[in-house]
Every structure is written in C-alpha cells, then in structure tokens.
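Here are a few notes to read alongside the model, written for someone meeting it for the first time. Keep the viewer open as you go.

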Amino acid sequence: MSKTATGLDLSEAVSYHYDRFPPQLTDYQRLIRPLSSAASALARYDQMLKGMHNSEILLAPLRSQEAVVSSRMEGTISTLDEVLRYEAEKESEEDNVETAYRSEAVEVHLYSYAMRNAQRALKDGAPISNWLLRSVHKQILGFGRGAHLSPGEFKTEQNYLADRGRRKVLFVPVSPEHLNNSLDKLFDFMNNDDWEILIRTALVHLEFEAIHPFKDGNGRIGRMLIPLMLWQAGAISQPYFYMSGYLERRRDEYIDRMREVSAQDDWTGWIVFFLEALESQANQNLQKAEEIRSLYEEMKDKFRSVLSSQWSTLALDFMFTRPVFRNNIFTSKSGIPQQTAHRVTRTLSENDMLRTIVPAAGRRPAMYAFEPLLTIVRD
C-alpha cells in the first residue's frame with residue numbers, strides 16, 4: 001500500500017487531470033436548464049442589490065459571516081460574535097488584543113480583511129492575477145496556524161487533500177513542477193469571454209482547487225474567487241455573493257463532484273452541481289438581503305422616534321457596518337458630535353435596541369451589540 005511521506009494512505013487517491021483543462025464539453029443539453037435557472041436566480045438577487053441605497057452598509061455583515069463559514073470548512077472554528085468582538089477591540093486599539101482572543105477568531109478576521117482588500121483592488125482596476133492571489137494568501141495566513149506555511153508563496157512541494165481522520169488522501173493536486181503552466185492556463189481561461197460567465201466561474205473554482213497552488217488556505221481563496229469573478233464580469237453589480245453556506249451543507253457531494261472530474265472527466269456533472277448551488281444560494285442570499293433591508297427601514301423609523309435627533313440615520317448606518325463596537329469608536333467615527341453620540345448609545349441601550357456586552361469600566365468604554373441585525377446574520 002503506497003503512502004505519503006507523512007504516512008497518509010494513497011490507495012484511494014484521485015490525481016490531478018493533466019492536459020485536460022479547459023475541457024471539451026459535449027453534453028450541453030444537460031446544462032441548459034440549470035444554467036437558465038441559476039442565471040434567473042442571480043439576476044433577481046442582483047436586482048435587489050441595485051435597489052439598495054447603500055449595499056456596502058447593509059450587506060457588510062454578510063462578508064463577516066461568509067468568513068466564518070468558509071474558514072470553518074477548513075477546520076478553523078469560530079463564531080460571528082467572537083470575530084466581531086475581536087474586530088471591535090482591534091479598532092478600539094486595545095492593548096494585546098491578539099493574545100486576548102483565540103487564534104481562530106483572528107484567522108477568520110484576516111480572511112474577512114483579505115476579502116475586503118481583494119474587492120477594493122478589483123474596484124481600483126487590478127486584474128485577478130498571480131499577484132492578487134499571493135497578496136490575499138499572505139493576508140489570510142498572516143497569523144496563527146498558517147503563519148509558518150509560506151504566506152504569499154506558491155508551493156514547492158507536493159501537497160494533498162486528505163481525510164485526516166481516516167488517514168487517507170482523497171486527491172493529489174498538480175505537482176509543483178507543473179504549477180506555473182497550470183496557473184497560466186487558468187488565468188487565460190478566466191479571461192476568455194467566449195465561455196459563459198457562470199460556466200466559466202464553475203470551472204475556474206474547480207480548477208483552482210485542483211491545482212491547490214498554496215500549502216494552505218486554498219479552499220478559502222477558491223471560494224473567494226466566485227464573487228470576484230462574477231462581479232468583475234458584471235454578472236452582479238456588487239461583490240456580495242457568498243456560496244460557502246451551501247457548499248458546507250453539501251460538503252461530501254462538493255468534494256465527490258470535484259474528484260469525479262479528475263477520475264471520470266465528469267466536467268458536466270460538476271458544472272450542474274455548481275449551477276444548482278449558485279441558484280440555491282442566490283435565492284437564500286436574496287431572502288437574507290431582503291430581511292436586512294426590511295430591518296434597516298424598520299430601524300430607521302424606530303431610531304428616529306426614540307432618538308428624536310437629526311443624527312439618527314448616521315447612527316443606524318454606523319451600527320449596520322459595525323454591529324459590535326466600542327463606544328469610543330462610535331463617538332469618534334460615526335460623524336455625530338461627541339456629546340450627542342454618548343446620548344445616542346445611552347438612549348438606545350435604555351430602550352433595549354443595543355445590548356451591552358461589556359460595561360464601561362474606568363477608562364475602558366462600553367462594548368455594544370446591535371442585536372436585531374446579528375440575529376438575522378447569524379442564521
């Protein structure tokens with residue numbers, strides 16, 4: 001029985017599909033219905049995005065939740081609340097904040113941070129490239145368990161996708177000596193407008209995972225590529241489309257479908273799975289975004305009524321982008337005069353619209369949570 005150098009069993013492993021990417025698709029009939037359904041669902045979701053007065057404010061918390069779920073798929077277990085508390089502490093410049101939180105929370109924060117930076121880079125005109133992926137990878141592995149796994153550098157040794165519990169290798173990615181050529185083909189294909197964008201995105205995600213160019217962090221970057229590609233191609237008007245929720249729920253099928261591409265050349269089966277995932281997630285994202293938008297409108301009226309202040313909308317916008325925050329950050333960054341800002345948080349807390357996580361103590365300001373929004377995003 002052959003094994004890796006670390007003792008993992010290779011007997012059931014599937015190896016990378018050399019010289020078969022991009023594929024020659026022949027069974028287009030199987031793709032017509034799922035492609036049409038996925039495109040319609042994505043268009044409905046994007047129409048809602050276009051109708052939001054500020055999708056960055058309303059949907060920013062979804063990026064944090066995506067970071068939690070995508071990281072969890074790679075074994076980094078944290079919660080949305082833990083990550084948001086860490087981010088609130090960090091923004092408040094608390095001393096030794098990294099040592100006060102589990103490394104998992106910091107790692108998830110770094111993924112969310114890297115995602116924001118990638119979105120900003122594309123908005124500024126940068127292409128999806130080797131440089132961008134290495135930059136994102138360096139940010140994701142900047143702290144914690146991955147910090148010793150060559151952040152920002154492509155692999156130089158063979159890596160594996162394994163079931164660690166059973167000590168079995170599931171997949172053998174492309175070898176290091178073929179890495180550069182495989183990445184060149186991937187980026188050429190990524191920019192090939194002859195391929196329909198949803199099918200192209202499905203194949204790029206699959207191929208990136210199969211190449212597995214880094215020692216660690218490949219899954220998170222591969223899933224990040226999905227909204228970046230859709231946004232860059234104009235399939236969505238804002239880069240807020242996250243699929244990790246669906247892929248986590250169907251994890252076994254997700255892995256099996258990818259393995260079948262290399263084992264049986266079942267590219268069409270993979271594309272159908274991806275399109276069904278995209279349709280399901282678009283419908284779920286639409287529902288979630290509509291809940292968030294409805295909450296915003298409801299809270300806008302409540303804030304105006306409770307606060308009786310011209311600053312009520314500014315306060316609400318701040319709490320949608322930072323549903324967990326230290327009071328000193330609110331008073332300094334909300335755009336509201338400081339004395340008025342103190343009155344705002346006190347009044348909202350007294351009316352049970354803010355939950356006090358950590359009360360003020362000495363010179364340390366209170367930490368608050370905007371619970372109505374967190375209740376929606378956590379689900």
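1. Start with Tyr-18, which is partly exposed, at a relative accessible area of 32%. That label applies because the value falls between the 20% and 50% cut-offs. Bear in mind that this is a predicted model.

2. Now look at the ring partner of Tyr-18. Tyr-16 and Tyr-18 make an edge-to-face aromatic pair, with 4.9 Å from centre to centre and 80° between the planes. Is Tyr-16 buried or exposed? Tyr-16 is buried, with a relative accessible area of 7%.

3. Next, go to Phe-318 and Phe-330. Their ring centres are 5.1 Å apart and their planes sit at 75°, so this pair counts as edge-to-face. Phe-318 belongs to helix H13 (residues 312-321) and Phe-330 to helix H14 (residues 327-333), so the pair ties together parts 12 residues apart in sequence. Both Phe-318 and Phe-330 are buried.

4. How many aromatic pairs does a search of the whole structure find? The search turns up 19. Elsewhere, have a look at the cluster of Tyr-246, Tyr-254, Trp-270, Phe-273 and Phe-274, which are linked by ring pairs.

5. On to the pockets. The largest has a volume of about 1,100 Å³. Its lining takes in 39 residues, and those nearest the centre are Glu-74, Tyr-160, Leu-161, Ala-162 and His-212. If you sort the lining by class, you get 14 nonpolar, 10 polar and 15 charged residues.

6. Which elements give two or more residues to the lining of that largest pocket? They are strands E2 (161-163) and E3 (168-172), plus helices H8 (197-211), H9 (218-232) and H11 (251-264). Helix H11 gives the most, with 6 residues.

7. The second largest pocket holds about 690 Å³ of space. There are 31 residues in its lining, with Glu-56, Ala-60, Arg-63, Arg-116 and Thr-321 nearest the centre. By class, the lining of this second largest pocket splits into 13 nonpolar, 8 polar and 10 charged residues.

Definitions and conventions: Residues are numbered from 1 along each chain as its sequence is written. This is a predicted model: local features need pLDDT of at least 70, side-chain atom pairs count only at pLDDT 80 or more; totals for chains, interfaces and linings use all residues. Side-chain values use heavy atoms; hydrogens and water are left out. Rings of Phe, Tyr and Trp (its six-membered ring) pair if their centres lie within 6.5 Å; planes under 30 degrees apart count as stacked, over 60 as edge-to-face and the rest as tilted. Buried means under 20% relative accessible area, exposed over 50%, partly exposed in between (1.4 Å probe, protein chains only). Helices (H or I, at least four residues) and strands (E, at least two) are DSSP runs, numbered from the N terminus. On a 1 Å grid over the protein atoms alone, a cavity is a set of points where a 1.4 Å probe fits but cannot get out, and a pocket is an open set with protein on both sides within 12 Å along at least five of seven lines; lining residues have an atom within 4 Å of a point. Grid points are joined across faces, edges and corners, and a volume is the space filled by probe spheres set on the points. Ala, Val, Leu, Ile, Met, Phe, Trp, Tyr, Cys and Pro count as nonpolar, Asp, Glu, Lys and Arg as charged, and the others, Gly among them, as polar.
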